[in-house]
Amino acid sequence: MFFKENLRYLRRKYHISQNELADQFGYKSFTTIQKWEDGTSMPKMSVLQRLADFFNLSIEKLINEDLTCQEGSGERIPVLGTVKAGYDLFADQVVEGYEWVSAEEARGGEYFYLDVVGDSMKNARIEEGDRVYIRRQNSVDNGQIAVVLLENDEVTLKRVFYKDGNMILQPENDDYEPIIIPFKDVMDRKVQILGRLIHNKISY
């Protein structure tokens, strides 16, 4: 079943926000649409028919065909869970869905998406509910934004700086303090860079 991936794909393809789709179908807030897209809820058959009609599709295609891979030369990129733009959240390496990107965006490396929770990167316009596109790599240049695996399997999204023998994970929110990591811990792989931020899909 591909309903949740297809709904997200179609909504974004036609530039419809979750709030707009909720309003179109008579729901008071976007949370119903959000639950459909994250797979925690499923609409009734009558609503599925309305959704299929809305996007000019059959119910069979909406539910059982992977529409995200029908874009010619594009690539499907896995969504591997969540990353906290804050602290203390583990990102399980389990595929929760897929996003479609152009062949150009997928060239020259291995890529994945993560969903953001928390607000520590809000001044870089990375906010809760956004989806970040990450190139898998184990190092980044000074000042780049990276996904970093801390000790105890905690994962965070921060801007990375190197100074005085330390790796500094700098938030983009004055309410948070930087994380300072001795570079020895990086060399000993107690702390690992998992990838570099390429772009951010903003959630409305």
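**Close-up views of a predicted model**

**View 1. Strands β3 and β4 pair in the antiparallel sense over five bridges.** Pairing needs at least two DSSP bridges between two strands. Strands are DSSP runs of E, at least two residues long, numbered from the N terminus. β3 covers residues 111-117, and β4 covers residues 131-136. Phenylalanine 112 has isoleucine 134 in β4 as its bridge partner. Six of the seven β3 residues are buried (under 20% relative accessible area; exposed is over 50%, partly exposed in between; 1.4 Å probe, protein chains only).

This is a predicted model: local features need pLDDT of at least 70, side-chain atom pairs count only at pLDDT 80 or more, and totals for chains, interfaces and linings use all residues. Residues are numbered from 1 along each chain as its sequence is written, and side-chain values use heavy atoms, with hydrogens and water left out.

**View 2. Aspartate 119 sits in the loop between β3 and β4.** Aspartate 119 counts as partly exposed because its relative accessibility is 33%.

**View 3. Isoleucine 202 lies in the segment after β9 (192-201).** Its relative accessibility is 33%, so isoleucine 202 counts as partly exposed. Isoleucine 126 is 76 residues away from isoleucine 202 in sequence. In space, the two are 7.5 Å apart, C-alpha to C-alpha.

**View 4. Tyrosine 162 belongs to strand β6 (residues 155-163).** With 31% relative accessibility, tyrosine 162 therefore counts as partly exposed.

Note on methods:
Helix = DSSP H or I, 4+ residues; strand = E, 2+ residues; numbered from the N terminus.
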